[in-house]
Amino acid sequence: MTATAKRPNILILMVDQLNGTLFPDGPAEWLHAPNLKALAARSVRFTNSYTASPLCAPARASFMSGQLPSRTKVYDNAAEFASDIPTYAHHLRRAGYQTCLSGKMHFVGPDQMHGLEERLTTDIYPADFGWTPDYRKPGERIDWWYHNMGSVTGAGVAEITNQLEYDDEVAYEAVRKIYDLSRGKDDRPWCLTASFTHPHDPYVARKKYWDLYEDCAHLDPEVPAMAFEDMDPHSQRIYLASDAAATEISAEQIRRARRAYFANISYVDDKIGEILAALEATRQEAIILFVSDHGDMLGERGMWFKMSFLDGSARVPLMIAAPGLKPGARHEPCSSIDVTPTLCDLAGVSMEEVMPWTDGISLVPLARGEGRTAPVAMEYAAEASYAPLVSLRRGRFKLNLCALDPDQLFDLEADPHEAVNLAGDPAHAETLAALKAEAEARWDLGRFDAAVRESQARRWVVYEALRNGNYYPWDYQPLKKASERYMRNHMDLNVLEENQRFPRGE
């Protein structure tokens, strides 16, 4: 990037809990998602992209930093994201960008910015340590914040919900920001992140989107529910943690939950369309990146939500539309931790100073047709686990390891539903040994477990202490300066009207 060349604007469109298997190469043909389909047609589509961790806060901290949870120490949805970890917002802002977020990022701790210059909304989830799991109490269910099957049994239609109210605001503020950027008051390049909470459960949708899927052929899971005793140990833990064992779920409730989920994909597609329409109307150009934090099992195998390395939970859509990147599909496995190095690469911003401690790599070479040798790594150390789990995806194989569980090895090409564990198959002993050696070189599971337990214990002490006496919340409070909005007496009306207009008048 030359000193005189202006760096490209960047628009990040993020959604929550969108199952990547529904994006085999852009949105599945049967999904009503015209805006995402149009974006896919002009994007590089990474069809085998994975989350760093199948849970909101760990996934998002990793996405923003390019580091796995074992580095960020954001192990779960109540772990502090440290202020000294550079994010894409830091890297870009340091290079001269204005950085802005509308929507969710699930920061925990007193730093609610992490390199962002501006936030337009508050977050949808709490910023304190109240959702901390406790490995000292395996099997404990914390009813007031753990997932439960009410999202499934209560699936259906509503015109307003907590989450719909939130995402309506996210889109509204993002559109307003794009219009404001078009006024040209700040000549710096910009990076705007619009981050939605849909299609995350509860599975409740507006009727206009619900009606789109009345005759949908995909309302039943492809893989029927498994008997509890036939599940692997971690799936059993998830089943118990989500209270599924105590809940009777009918086939009709499953269909309604999946229908609402698909409907909410269409809802968020509409919101993304509003943002892209504003970008086009204001004649601004930007690199556009679309991604989800993790997936949703959607009733496959009888499992819901996330927390698993199974593809429904761990695989995410990832698409990039950028000058110099030819649209098309890339099938090599990659990760959301590759986003930050990729954005910096596209913007001509060096990460050299921190690359030795960054797990992600730029996807630009892959997007331009080069191969990829690095495997995809995932970690999980949150609710429904009693010890950390790790995973490696290399080529067609995925290896899952946990000190408490038998090894798992799956061939994703031959067995996309991950039904056959090859770890005990002599024909795959060499593959298993090679992947295990690679995993053992990367992770010390005993040390990982000790670090998680230390973090949990500390946070329980701090949380309980801070809830005694006066309580000062960390939740982000958006700033609205009324004295600088619209027309005020310290402003020249003629100048104001001209400067607030796009395009400018004659």
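**Enclosed spaces**

Q: How much space lies in the largest cavity?
A: The largest cavity holds about 150 Å³ of space. On a 1 Å grid over the protein atoms alone, a cavity is a set of points where a 1.4 Å probe fits but cannot get out; a pocket is an open set with protein on both sides within 12 Å along at least five of seven lines, and lining residues have an atom within 4 Å of a point. Grid points are joined across faces, edges and corners, and a volume is the space filled by probe spheres set on the points. This is a predicted model, in which local features need pLDDT of at least 70 and side-chain atom pairs count only at pLDDT 80 or more, whereas totals for chains, interfaces and linings use all residues. Residues are numbered from 1 along each chain as its sequence is written, and side-chain values use heavy atoms, with hydrogens and water left out.

Q: Which residues line the largest cavity, and which lie nearest its centre?
A: Its lining has 15 residues, and Asp232, His234, Leu389, Asn400 and Gln408 lie nearest the centre. Elements are DSSP runs numbered from the N terminus: helices are H or I, at least four residues, and strands are E, at least two. Here α8 (233-241), β16 (397-402) and β17 (408-411) each supply at least two lining residues, and β16 gives the largest share, 3 residues. For classes, Ala, Val, Leu, Ile, Met, Phe, Trp, Tyr, Cys and Pro count as nonpolar, Asp, Glu, Lys and Arg as charged, and the others, Gly among them, as polar. The lining of the largest cavity has 7 nonpolar, 5 polar and 3 charged residues.

Q: How many cavities of 30 Å³ or more does the structure hold?
A: There are 6 of them.

**Open spaces**

Q: What volume does the largest pocket have?
A: The volume of the largest pocket is about 1200 Å³. Its lining comprises 31 residues; Glu118, Arg176, Lys177, Asp180 and Arg485 lie nearest the centre. Two or more lining residues come from each of β4 (98-103), β5 (118-119), α6 (162-182) and α15 (493-499), and α6 gives the most, with 6 residues. The lining of this pocket has 12 nonpolar, 3 polar and 16 charged residues. The second largest pocket, in turn, has a volume of about 560 Å³. Its lining has 25 residues, of which Asn19, Thr21, Glu222, Pro416 and His417 are the closest to its centre.

**Elements and residues**

Q: Which residues of α8 are buried?
A: Buried means under 20% relative accessible area, exposed over 50%, and partly exposed in between (1.4 Å probe, protein chains only). In α8, His234, Ser235, Gln236, Arg237, Ile238 and Ala241 are buried. Contact means heavy atoms within 4.5 Å. The cover over these buried residues includes β14 (376-380), β15 (389-394) and β16. At the start of α8, a side-chain oxygen of Asp232 comes to within 3.1 Å of the backbone nitrogen of His234.

Q: Is Asp16 buried or exposed?
A: Asp16, a residue of strand β1 (residues 10-16), is buried because its relative accessibility is 0%. A polar contact is a pair of N or O atoms within 3.5 Å; within protein, one must be able to donate a hydrogen and the other to accept it, and residues adjacent in sequence count only if both atoms are side-chain atoms. The side chain of Asp16 makes such a contact with the side chain of Arg60, at 3.1 Å.

Q: Where is Thr122 placed?
A: Thr122 is in the loop between β5 and α5 (150-153), and at 29% relative accessibility it counts as partly exposed. Its side chain reaches the backbone oxygen of Tyr476 at 2.6 Å.

Q: How many disulfides does the structure hold?
A: A disulfide is a pair of cysteine sulfur atoms within 2.5 Å. The structure holds 0 disulfides. For Cys344, the closest cysteine sulfur, in Cys191, is 9.4 Å away, too far for a bond. Cys344 is also buried, at 1% relative accessibility.
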